[in-house]
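Here is a short tour of one structure, with a helix to begin and some ring contacts to follow. Have the coordinates open as you read.

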Amino acid sequence: MSHPPAEIIEIFSAIQGEGPILGRRQIFLRFGRCDVTCSYCDTPLCHVELPAARIERTPGRRDFVRVANPIGLEALIEAVIRLDEPRGLHHSVSLTGGEPLLHAEAIAAIAPALRARGLRLYLETSGHLVAELDRVLDLVDIVGMDIKIASATGFPARHDDNRRFLARCRDAGREVFCKVVIGEDVTDAELDAALAVVAEVAPETPFVIQPLTPFAGRGRPPAPERLIELDERARRRLPQVLVIPQTHKMINQL
Ligand code: SF4
């Protein structure tokens, strides 16, 4: 069966700076396009048409070459496997974006070859494209799903979709964590609504509060005292709460 090529922003090896697996070395496969517009988005290239992707040739060396988009799936597999040297260097491949689930068919097509190589697949997603998740859920090892809240993103939350999405991960027995980016304007009710998604569907799921990192002068994180309040509020509702900022930006990783 033939599959459509995929629009890619970049492929490179770096250190994961978000969520419970931060500090792990990963190969990042950053897909183009996104179906939402978070006000704090640090990947503006996901909202424009990209004539070419940049692909690292040696893991972590930033020796990028440009490759015309869209990229055929064989070439995509080859680019990832080329970075997987020496074998065992990487914890997993981060399927990220943009919104990687807009490329569910491409992910389903490349996943078997990557898994056959022994690479684990880590899906980083907004956590609302349920039908697309169904297409790839059996092929990924870890799911990091965002629960978006309006005060940070600038658009309405989709908690019903978040619930269905998390339930799919739970029912499939997939390793999953939830992440909420929180800015200075977050309300208690908003946090409670995000907590309720996890509490009602899979309460043992790690729940990461990620203080918003300003990008291009947009957005601010909560004040330190407010962050402590939010952490305590979350811990009263869920057993596994973590407060983790974006650490890759502190150490100039991509
Ligand atoms: S989901 Fe991610 S890539 Fe898409 S707009 Fe939000 S921050 Fe940017």
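## Helix α6

Helix α6 covers residues 188-201, and at 1.5 Å a residue its 14 residues should span 20 Å; the end C-alpha atoms are 20 Å apart, so the two values agree. Do keep in mind that this is a predicted model.

Which residues of α6 are buried? They are E190, L191, A194, L195, A196, V197, V198 and V201.

## Aromatic pairs

How many aromatic pairs does a search of the whole structure find? There are two. One is made by F12 and F28, which are stacked with 5.1 Å centre to centre and 10° between the planes. F12 belongs to strand β1 (residues 8-15) and F28 to strand β2 (residues 25-31), so this pair ties together parts that are 16 residues apart in sequence. Both F12 and F28 are buried.

Y122 and F177 also form a stacked pair, at 6.3 Å centre to centre and with 20° between the planes. Because Y122 lies in strand β6 (residues 121-125) and F177 in strand β8 (residues 175-182), the pair ties together parts that are 55 residues apart in sequence. Y122 and F177 are buried too.

## A charge over a ring

One further ring contact involves a charge: the charged end of R54 sits over the ring of F64, 4.1 Å from the ring's centre.

Key:
Residues are numbered from 1 along each chain as its sequence is written. This is a predicted model: local features need pLDDT of at least 70, side-chain atom pairs count only at pLDDT 80 or more; totals for chains, interfaces and linings use all residues. Side-chain values use heavy atoms; hydrogens and water are left out. Rings of Phe, Tyr and Trp (its six-membered ring) pair if their centres lie within 6.5 Å; planes under 30 degrees apart count as stacked, over 60 as edge-to-face and the rest as tilted. Helices (H or I, at least four residues) and strands (E, at least two) are DSSP runs, numbered from the N terminus. Buried means under 20% relative accessible area, exposed over 50%, partly exposed in between (1.4 Å probe, protein chains only). A charge sits over a ring if NZ of Lys or CZ of Arg is within 6 Å of the ring centre and within 35 degrees of the ring normal. The expected span of a helix is 1.5 Å times one less than its number of residues.
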